[in-house]
Amino acid sequence: MIIPIRRGLALAATRTARQLAIPRTTAVAYRLRAHVATYTTTSRRLQNAFHSQLEGGLPSVKATPEVPQTLTEKIVQQHAVGLAPGKKVRSGDYVTLRPAKCMTHDNSFPVMTKFTSIGATKVHDPKQIVLTLDHDVQNKSETNLKKYRLIEEFASHHGIAFYGAGRGIGHQIMIEEGYAWPGTVAVASDSHSNTYGGIGALGTPVVRTDAASIWATGQTYFQIPPIAKINLTGILPPGVTGKDVIVALCGLFNNDEVLNHCIEFGGSGIETIPVDDRITIANMTTEFGALSGLFPIDHVLESWLRAKATTAAMLNPEKAASGPFTHAKIDELVQNQLTADPGATYAKTLYLNLSTLSPFVAGPNSVKVATPIKDLEPQDIKIQKAYILSCTNGRASDFAAGARVFREAANGGPIPKIAPGVQLYIAAASSVEQQAAVESGDWQVLLDAGAQELPSGCGPCIGLGRGLIEKGEVGISASNRNFKNRMGEGTAYLASPEVVAASALKGKIAGPGWYQKPEGVEKVIIGEGTGDHQVDKALSIEEALDKLIAQAEGMVADAEKDLGASESASAPAAEEGEETLTEILPGFPERLEGEIVFCDADNINTDGIYPGKYTYQDNVSVEKMAEVCMENYDKAFREIAKPGDILVTGFNFGCGSSREQAATAILAKKIPLVVAGSFGNIFSRNSINNALMTVEVPKLIKRLRETFKDDKQLTRRTGWKFIWDVRRSKVVVQEGEGGETWSQKVGELPPTVQEIIARGGLEKWVKAKISE
């Protein structure tokens, strides 16, 4: 009796939508039709055709797939193993993932240690693995050189591709050597693996334990994140770069809109963005909070690939048919081009009108603060350090932009020097990119201006080696992170290479004057939706209809439940107040409790939790890790926090790099549980892998901030008590002695996660599985 009512409601809603005189996109039409797919009895082919088409036959059209997928989902589909026949992966699915490539860098040494400790002796697929040395290449200590030798020997023993110190940054090598290939999954034990999205590869970070698992088995686990679409409309005005695009996105969408999402870029504007700029944008989607930043496989990318294939054939004719870039390989890519399906589902859609963008600068000390250069120049912000380097902006095109600033200032005469009191550092993303800059003369122009050359590698970007920002200094960099104390103890800004060069020349934050403002543009146009007013209007109407249908179906479902209760064969309903208990595995605690220590800040990054200068020291004691835990956030933390405390912090805790020590340092401090409003995904993964428990309780953050708003401290002992009843999936908070006590349900802890934590982390779990 009830089913026809539901069918009628859905069809009525659809008929109403068809009467609206609004252009509808394929995606909108598909999703509306999807609502009635289950209920209709007439062929959809006939329902959506005009009479004249039926008379003469339907035109040939590309069939809409039964399960439309995003580009991200399609790429994951091709690298997922063990799927059930016919299974189409979707956002939210857990899959066993076999990435095409896995890169590790200086952290290859701890990955080697984990690989050995789990009982592995043979790399599953040596061709899947790439080892590069790039982070601490300025460190010539015997300890570091010995570590580098051991990594190289491991690579040689197992037949793994290896690139030594000075060859370049791993992410750039992955692209220029063809390891990251469009339409494939390429992972790395580094948070800037998103970089590969610039060439249409799904690049996403893994942590060290995951990398060891991939070495041993070729596989790791992966949950497909929510997927966001960012439409770039319009065209970039002269003087605006890809760096300005991503700095603006980070600073203008600064409320974690894409936190822990995969991003897919689209829109007509992407056709105007060259591949080097796409790589820059994809690289900094990490700072945007995303887990990947994927550009489409389009004609812009094809042209870039063709140029590389042609150049490779000219320079090495004998390898024209066998190198990483060949026209035959590109032909195959184009013939089997992966694209998102019409009707694919995105968690959200945002847009940025490129035509309204101007040069932007991020900072100070945050990517979430972005200011147009025209507003910063009048502030006369003096600088002492400037950097053109990193995997973000260390390519030949970046040095060409920097050199152009000095050439134009020379006006045919001698190259002018950088401003007194300023040091400009340059380092190429790879030796190949440096050679290209040398051959063009751009490298020499920068040296003539007074730039200091650093070896190809990460260096100052991660706070290693010489050239760091000293206390009291201000630096501006073309790199990707300006977190507090990351590049030194001073203040850091981020900008494009030309703005960095112009700032070094003038001694203050300044632009080169290349920007040409389009007529009528007064502000950057951004927002939710596609950026197309008509499409967004149609989508808004569709969402309203979705809501109506959902409400109607809810009412129908309730009626069905009432009418069908007497005939139901299901078990009796639980008595009112009865709790559903979570099964607790042996060795796992049923509850955790302790006093709350509150670190009142959002976006506390991994540099704040565990300083970068210790990250590649592999002999740091547990006691030392405990001592420096949270040092870059608040040095007083070491004295305030005590063993057994519950650490509570704000939103997006643990954003930033993939370093596992961010989790293990907290454990070293003997803090068993971290509570936050939300976590960076990579920190959550590291926490599980290293047996640190975490739980999200946004209400608690709100209550703490309300209570202590008049006495804000970086770190405080609160006197509040926190209890996590794991069996009942509930947290209980007592707000100080005699204060209010309240509770809240939280998500159940799955048995797999319990087992990993009970074993002491993923490494020990894998070892136990191997021994079984």
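Phe683 is buried, with a relative accessible area of 1%, where buried means under 20% relative accessible area with a 1.4 Å probe and only the protein chains counted. Phe679 also counts as buried, at 2% relative accessibility. What I am showing is a predicted model, in which local features need pLDDT of at least 70, side-chain atom pairs count only at pLDDT 80 or more, and totals for chains, interfaces and linings use all residues. Residues are numbered from 1 along each chain as its sequence is written, and side-chain values use heavy atoms, with hydrogens and water left out.

Let me turn to the aromatic rings. Rings of Phe, Tyr and Trp (for Trp, the six-membered ring) pair if their centres lie within 6.5 Å, and planes under 30 degrees apart count as stacked, over 60 as edge-to-face and the rest as tilted. By this rule there are 14 aromatic pairs. In one of them, the rings of Trp181 and Phe325 have centres 5.9 Å apart and planes at 50°, so the pair is tilted. Trp181 lies in the loop between helix H8 (170-176) and strand S6 (185-188), and Phe325 in the loop between helix H12 (299-315) and helix H13 (327-335), so the pair ties together parts that are 144 residues apart in sequence; helices (H or I, at least four residues) and strands (E, at least two) are DSSP runs, numbered from the N terminus. Both Trp181 and Phe325 are buried. For Phe679 and Phe683, the ring centres are 5.9 Å apart and the planes at 10°, so that pair is stacked.

Methods
Buried means under 20% relative accessible area, exposed over 50%, partly exposed in between (1.4 Å probe, protein chains only).
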